Amino acid sequence: MLRHEFQPGKLVAGLFLTATGAAYAADAGGLWDIPWFAVVPLVVGGLCLAGATAAVTRGIRRRGGAESG
């Protein structure tokens, strides 16, 4: 199995999108009452946080690579 580098930005995006899907699944099952527009802040906020996480990760990796080389 080929190894790949860890990308925390994609992890954060996936967690927020999974949470959005779980919230709507709970609404469909009758556990919660979620308004239809609740997806907007969850998805947009999650994607913004994922972008910030990816930018921080890239900055850390660039700085770490410059010191060791």
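The expected span of a helix is taken as 1.5 Å times one less than its number of residues, and helices are DSSP runs (H or I, at least four residues) numbered from the N terminus. The model is predicted, so that local features require pLDDT of at least 70 and side-chain atom pairs pLDDT 80 or more, whereas totals for chains, interfaces and linings use all residues. Residues are numbered from 1 along each chain as its sequence is written, and side-chain values use heavy atoms, with hydrogens and water left out.

Pro8, Gly9, Val12, Ala13, Thr20, Ala23 and Ala26 are the buried residues of H1 (under 20% relative accessible area, with a 1.4 Å probe and protein chains only; exposed is over 50%, partly exposed in between). These residues lie on the same side of H1 because they cover an arc of only 155° around the axis, the arc being that of the directions from the helix axis to the C-beta atoms. Lys10, Thr18, Ala25, Ala28 and Gly29 are exposed on the face turned away from the buried side. Just after H1, Gly30 adopts a positive phi of about 95°.

Phe6 is located in the segment before helix H1 (8-29) and is exposed, at 52% relative accessible area.

One aromatic pair is found in the whole structure (ring centres within 6.5 Å, with the six-membered ring used for Trp; planes under 30 degrees apart are stacked, over 60 edge-to-face and the rest tilted). The rings of Trp36 and Phe37 are edge-to-face, because their planes stand at 90°, with the centres 5.6 Å apart. Trp36 is exposed at 69% relative accessibility, while Phe37 is partly exposed at 47%.

Technical notes
Helix = DSSP H or I, 4+ residues; strand = E, 2+ residues; numbered from the N terminus.
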